[in-house]
Amino acid sequence: MLSFFTRRGDVVVAEEITRSVWQPEHLGGPPVCGLLARELEAHCPDTFVPVRLTVDLFRAVLDRPITVRSEMVRTGRRITVADAAIVQDDQVRARATALFMSTGATPQGRVWSAGDELPVPPEGAVTVGDAPLFRSGDRDWSRDSAGHQNGDRKICWLVLPPLVAGESLTPFQSAAMAADFTNQVCHWGSHGIGYINADMTLTLSRLPDGPELGLRAENAVAAEGISIGTATLYDRLGPLGICVVTTLSHPDRQLDLVASKR
């Protein structure tokens, strides 16, 4: 079955689908985020759930064997924190922190919520390994890059393959990988994607229900070559988290998704 990585002893090796669209010798952000989530998830205590994952992508992760290291930072009655890092050639190339919380009863009373409708495609429109579906503005779902390379609001819908061959993709891993698409839905404009994300933060009120996930752009705030993108992560039951990326302008290598499909 299609997967992003294969285990070889104490390391993992990237498969072809893991390579970045920016540089083929580098790995893409979604599988890197997923790999760190996989490592951190092992530190989640029973009765706790992952509520935040922050990934710092300060060096490119290369298409070479990867070692992932982690440590518990704090174990508490209601809050647990763990750190992880991707290491290649004795150099840390990406790191992450996860926050886990114990669940409990919902407080009484009403709290305001935007409650916006979150569109979903028909059942079965995307299966494992398919390219994501996109919507922009009032256009329908499609994989046609030319039809979505515009200045309108973007939404994507995807089902991701397993992260590591022989392992089932967990809901937390799926959410972590989907969250890195925030840069694409927030910064894919009329001339392509002109920003590259240096980090990704995923916050979760619950884990996804099922393999299908949607990501809707909420805002992009830019000044002097730095842009912050925010998006809502959701499934067929409704919203489940907020994703944030901090990005740097990359105008000399703007990624034209229409030209890349030709």
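1. R95 is partly exposed, with a relative accessible area of 47%. In this predicted model, R95 pairs with D56 in a salt bridge whose closest N and O atoms are 3.0 Å apart. D56 sits in strand β3 and R95 in strand β6, so the pair ties together parts that are 39 residues apart in sequence. D56 is partly exposed too, at 23%.

2. By the distance rule used here, the count comes to 13 salt bridges. One of them joins E167 to R38, with the closest N and O atoms 2.9 Å apart. Because E167 lies in the loop between β8 and α3 while R38 belongs to helix α1, this pair links parts that are 129 residues apart in sequence. E167 counts as partly exposed, at 23% relative accessibility.

3. Have a look at R139 as well: a salt bridge connects R139 and D152, the closest N and O atoms being 2.6 Å apart. R139 is in the loop between β7 and α2, and D152 in the loop between α2 and β8, so the pair ties together parts that are 13 residues apart in sequence. Both are partly exposed, R139 at 32% and D152 at 33%. Elsewhere, salt bridges that share partners join D116, R153, R216 and E218 into one network.

4. What does the side chain of R135 reach? R135, in strand β7, is buried yet has no salt bridge. The nearest side chain of opposite charge belongs to D140, 5.3 Å away, whereas a salt bridge needs a nitrogen and a carboxyl oxygen within 4 Å. The R135 side chain does reach the backbone oxygen of R139, at 3.3 Å.

5. The largest pocket holds about 1,400 Å³ of space. It is lined by 49 residues, and R19, V21, G28, P30 and Q184 are the closest to its centre. Helices α1 and α4 and strands β8 and β11 each supply at least two lining residues, with α1 giving the most, 4 residues. By class, the lining has 28 nonpolar, 13 polar and 8 charged residues.

6. The second largest pocket has a volume of about 260 Å³. Of its 14 lining residues, S113, A114, G115, T232 and P239 are the closest to the centre. Strands β13 and β15 each supply at least two residues of this lining, and β15 gives the most, with 4 residues. The lining divides into 6 nonpolar, 5 polar and 3 charged residues.

How values were computed. Residues are numbered from 1 along each chain as its sequence is written. This is a predicted model: local features need pLDDT of at least 70, side-chain atom pairs count only at pLDDT 80 or more; totals for chains, interfaces and linings use all residues. Side-chain values use heavy atoms; hydrogens and water are left out. On a 1 Å grid over the protein atoms alone, a cavity is a set of points where a 1.4 Å probe fits but cannot get out, and a pocket is an open set with protein on both sides within 12 Å along at least five of seven lines; lining residues have an atom within 4 Å of a point. Grid points are joined across faces, edges and corners, and a volume is the space filled by probe spheres set on the points. Ala, Val, Leu, Ile, Met, Phe, Trp, Tyr, Cys and Pro count as nonpolar, Asp, Glu, Lys and Arg as charged, and the others, Gly among them, as polar. Buried means under 20% relative accessible area, exposed over 50%, partly exposed in between (1.4 Å probe, protein chains only). Lys and Arg count as positive and Asp and Glu as negative; His and the chain ends are not counted. A polar contact is a pair of N or O atoms within 3.5 Å; within protein, one must be able to donate a hydrogen and the other to accept it, and residues adjacent in sequence count only if both atoms are side-chain atoms.
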